[in-house]
Amino acid sequence: MPFGSGDRAQLQQVIEQLGKLATDLAAIKQQVADEQHTIDQIRQDATIAITSGLAEIRAVARDGIARTNDIVTGPLAGIGSELVAIRGAIGQLDSQVKTQATSNPPVAGTANTPEPEPALDQRPQPEPQPDINLSDSPEPDVDTLRAAAGISAATLHAHRDTWEFLVKHAGTDQHFHLPAEVQDTAGTILAKVSGPSLVAALTSLHHVSHTADDAGTRAIAAHLHERLTETVQEIATRPHRGDGAGTVRIVIDDRAAPESPDDAER
């Protein structure tokens, strides 16, 4: 049965309502998509902000730790070196006092002590002098001192006791300067010394190796003087000025040679 005019109108109304529903549905889809995009953008911004904040916190923490190390480690190393220098100065003063006391004994005879009777021969006997060989080199080598003065800076690798010995005997020299940075790693000292400090070390060690009363002190001073001299002379044979030159390293660390396979089998 064909539709009448009333049915057509009702059908047209249904079609219009369906079109409106489709439009509303498309609008809702677009709104949901916009909301999802906004949520994704907020999540991305939050992730970036958190990552950046953590990176800044890590950077601030690392900078704080580095500054703490610089503030604490540097002064402590400087104080330790100054204490060693003070100890060396006190030791030298003590040696000088003992030497003067030995060379100038108290005069005999006081109001309460009777003077000894004069003897036939009371000439003072010469004091025994240490067996020191001054014929090798009574004065430091001038060419070696000049070569040492030309070194801008050198890194000294030595045991803590060796460094204290060097500071004790060279610390009072007018050309010796305590380095601003002294690293102590498991008893090994890494000290950056200047050319004038090397000159002071060479002259002081040379003097101690020839004049010290104790044989052990002379031996230590002679060994350190020889090692410093070898390094300086090696640089003097092939000098390099300006950029591109390697760092001067003075290593005082004699060790036994490794065993060969034949020795291991024995």
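Reader: In E3, which residue is the bridge partner of histidine 157?

Author: The model is a predicted one. Within it, histidine 157 has leucine 190 as its bridge partner in E3.

Reader: How many bridges join strand E1 to E3, and do they run parallel or antiparallel?

Author: Strand E1, residues 153–159, is joined to E3 by seven bridges, and the two run antiparallel. Alanine 153 stands opposite serine 194 in E3.

Reader: And which residue in E4 stands opposite histidine 157?

Author: That residue is valine 251. Strand E4 covers residues 248–251 and runs parallel to E1, with four bridges joining them.

Reader: How many of the seven residues of E1 are buried?

Author: Five of the seven are buried, so E1 is mostly covered, where buried means under 20% relative accessible area.

Reader: Turning to E3, which side chains point to the buried face?

Author: The side chains alternate along E3, residues 188–194. Ile189, Ala191 and Val193 point to one face and are buried.

Reader: What about E2: over how many bridges does it pair with E3?

Author: E2, residues 182–185, pairs with E3 over four bridges in the antiparallel sense.

Reader: How many residues lie between E2 and E3 in the hairpin?

Author: Two residues lie between them. In the turn, alanine 186 has a positive phi of about 55°.

Conventions. Residues are numbered from 1 along each chain as its sequence is written. This is a predicted model: local features need pLDDT of at least 70, side-chain atom pairs count only at pLDDT 80 or more; totals for chains, interfaces and linings use all residues. Side-chain values use heavy atoms; hydrogens and water are left out. Buried means under 20% relative accessible area, exposed over 50%, partly exposed in between (1.4 Å probe, protein chains only). Two strands pair if DSSP finds at least two bridges between them.
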